[in-house]
Amino acid sequence: QVQLVESGGGLVQSGGSLRLSCAASGDTFSRCAMGWFRQAPGNEREFVAAFMWNGAGTAYADSVKERFTISRDNAKNTLYLQMNSLKPEDTAVYYCAVEYALANYGLISRNFRDYSYWGQGTQVTVSS
């Protein structure tokens, strides 16, 4: 069974940086997409970034391009999200997730409903 555990959230001032981690277990993750989503109170869960675990593609939300970077450590089965130049509107609970069906066709979904496995989330709060 796939398990995802996020860490690294916290409180940071506007303009600061944080790195989120997502430790993944329970699969080889050889053909899937792994991504980050976020959800602020009262809002729907929104796409942040994702990539194909085999390195075949990467996608970012327009709101985080040039500021956030998704990466992985294959040896540790860990997904990262480096967040720079943080803004108050980045405040949310951040989740990592895994998607298999569309990734099998080389597609990276930006729809949270397509993702099958989720971590518990980590809170990121950016103060102004």
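First, the ground rules. This is a predicted model, in which local features need pLDDT of at least 70 and side-chain atom pairs count only at pLDDT 80 or more, while totals for chains, interfaces and linings use all residues. Residues are numbered from 1 along each chain as its sequence is written, and side-chain values use heavy atoms, with hydrogens and water left out.

So, Gln123. Gln123 itself lies in strand 11, residues 122–127. Strands here are DSSP runs of E with at least two residues, helices are runs of H or I with at least four residues, and both are numbered from the N terminus. The side chain of Gln123 reaches the backbone oxygen of Ala92 at 3.5 Å. The relative accessible area of Gln123 is 39%, which makes this residue partly exposed. For that scale, buried is under 20% relative accessible area, exposed is over 50%, and partly exposed is in between, with a 1.4 Å probe and protein chains only. Glu89 is 34 residues away from Gln123 along the chain, and the two C-alpha atoms are separated by 13 Å.

Next, charges. The whole structure contains five salt bridges, a salt bridge being a side-chain nitrogen of Lys or Arg within 4 Å of a carboxyl oxygen of Asp or Glu. Arg38 bridges to Glu46, with the closest N and O atoms 2.6 Å apart. Arg38 is buried at 6% relative accessible area, whereas Glu46 is partly exposed at 35%. Arg38 also meets Asp90 in a salt bridge, at 2.9 Å from N to O. Because Arg38 is in strand 4 (residues 33–39) and Asp90 is in the loop between strand 8 (78–83) and strand 9 (92–99), this pair ties together parts that are 52 residues apart in sequence.

Asp90 has another partner, Arg67, with N to O at 2.7 Å. Arg67 is in the loop between strand 6 (58–60) and strand 7 (68–73), and this pair links parts of the chain 23 residues apart. Arg67 and Asp90 are both buried, with Asp90 at 1% relative accessibility. Taken together, Arg38, Glu46, Arg67 and Asp90 form a network of salt bridges.

Now the rings. How many aromatic pairs does a search of the whole structure find? The count is eight. Rings of Phe, Tyr and Trp (its six-membered ring) pair if their centres lie within 6.5 Å; planes under 30 degrees apart are stacked, over 60 edge-to-face, and the rest tilted. One of the pairs is Phe29 with Trp53, tilted, at 6.2 Å centre to centre and 55 degrees between the planes. Phe29 is in the loop between strand 3 (18–25) and strand 4, and Trp53 in the loop between strand 5 (46–52) and strand 6, 24 residues apart.

Elsewhere, Phe37, Phe47, Tyr95, Tyr115 and Trp118 make up one aromatic cluster. Two arginines are placed over tryptophan rings. The charged end of Arg45 sits over Trp118, 4.7 Å from the ring centre, and that of Arg72 sits over Trp53 at 5.8 Å. The criterion is NZ of Lys or CZ of Arg within 6 Å of the ring centre and within 35 degrees of the ring normal.

Last, the cysteines. There is one disulfide, meaning a pair of cysteine sulfur atoms within 2.5 Å. The disulfide joins Cys22 to Cys96, S to S 2.0 Å. The link is right-handed, with 55 degrees about the S-S bond. Cys22 is in strand 3 and Cys96 in strand 9, 74 residues apart. Both Cys22 and Cys96 are buried.

Key
Polar contact = N/O pair within 3.5 Å; in protein donor to acceptor, adjacent residues only side chain to side chain.
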